[in-house]
Structures are given as structure tokens and as C-alpha cells.
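Please read them with the coordinates open.

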Amino acid sequence: FFSFGRAEFVFTKELFDLSYKSLLLNAAAFDVASLGLLAYENGAGLPLDYYTFYEDEPDVSITAKWDGYCFGVFRGSTDLAEDWYQNFRPGFKEVCNSEECCIVRDGFYSGWETSYESDFIEDIRSCVETCENPDECLVLSGYSQ
């Protein structure tokens, strides 16, 4: 287990499995050639209940339902030098809802600002509504500048 100040964090097998599934989906978002992983046929690929692929270069996102969990993953960086150059100029953005605000990396935030943003969010919301426990079924991950 890990201890951060007063809070304790236990890395359970379930959390490990969710992290691994998220990693596989992130790999497909990074390398579009890996999208074959998303098509489960004859025992090959990932046994997803469904997935949706979104692309607005350089941004790519995938929503998926897998074993009762909803996943939203995105890529905001590519392997092109000019895109990675932005990594050396990191910035932050304040993001607020009706109750509170938090600070996120600017590149991470820009992964949400795409031509498909509203479709991606609606897909996530629709997925969560189908969960047995909507308060504990969403896994968001991604990477960017």
C-alpha cells in the first residue's frame, strides 16, 4: 500500500486489472494501427462490450464498456517532433464545475477540446447510466503535453 499524508491507497487486484485495461485502450489510441485490438474475433483482441473511436488529429479518443466499467481514454500527443516540442512549454488551466475548481495540465485539458467533444461526453454519460453502480464505474485516462 501507499501512504500519502493521512490517506492510504491500496493497490488491489481489481485496480490493477482496471489500470491494465486502460493501458491497452491507451495503446490503441496512441497507435491507430492497433485498432485491431478493439475488434474481438475468434479469441483475438479485447472482449469489449462496445467501443467508439474518435479522431481529430492529433487528438484521438476511445470510449468503451468492458466488464461492467466505462472507459474514456484519449491521446493529445503524437510522435511528431513539433507536437512533442509543446511538452517543454507546459501550462496549466483552471477547470470548474458548479461547485469547485481544479488545476489540470493545459495539454491534458486540450485533449477534451475537440470537434467530437460533445459526442465523447454523451457517450461516456450514456455508458455510466448503464452501470450497476454509476458512482464507481468510470475510468478516465490519457496523455498529452
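1. The model is predicted. In strand 7, Cys101 is the bridge partner of Cys96. The two strands concerned, strand 6 (residues 92-96) and strand 7 (residues 101-105), run antiparallel and are joined by five bridges.

2. An open sheet is formed by four strands in the order 3-4-5-8, with mixed pairing. Strand 3 (50-56) and strand 8 (138-143) are its edge strands, each pairing on one side only. On average, neighbouring strands of this sheet are turned by 10° against each other, direction ignored.

3. Within that sheet, six bridges pair strand 5 (residues 69-75) with strand 8 in the parallel sense. Opposite Val73 stands Ser141 in strand 8.

4. Which strands does helix 4 lie across? Helix 4 (residues 117-129) lies across strand 3, strand 4, strand 5 and strand 8, and it runs at about 10° to strand 4. Helix 1 lies across strand 4 (59-66), strand 5 and strand 8; its angle to strand 5 is about 40°.

5. Helix 1 spans residues 13-30 and contains Tyr20. Tyr20 belongs to a nonpolar surface patch with Phe11, Phe16 and Leu23, and together these residues have about 430 Å² of accessible area. Is Tyr20 buried, exposed or partly exposed? Tyr20 has a relative accessible area of 44%, so it counts as partly exposed; the class lies between under 20% for buried and over 50% for exposed.

Definitions and conventions
Residues are numbered from 1 along each chain as its sequence is written. This is a predicted model: local features need pLDDT of at least 70, side-chain atom pairs count only at pLDDT 80 or more; totals for chains, interfaces and linings use all residues. Side-chain values use heavy atoms; hydrogens and water are left out. Two strands pair if DSSP finds at least two bridges between them. Patches are made of residues with over 30% relative accessible area and no salt bridge: like charges are joined within 9 Å, nonpolar side chains (Val, Leu, Ile, Met, Phe, Trp, Tyr) within 5 Å. Accessible areas come from the Shrake-Rupley method with a 1.4 Å probe; for residues, only the protein chains shown count as cover. A salt bridge is a side-chain nitrogen of Lys or Arg within 4 Å of a carboxyl oxygen of Asp or Glu. Buried means under 20% relative accessible area, exposed over 50%, partly exposed in between (1.4 Å probe, protein chains only). Axes are lines fitted to C-alpha atoms, for helices over the stretch in contact, and angles run from 0 to 180 degrees between N-to-C directions. Contact means heavy atoms within 4.5 Å.
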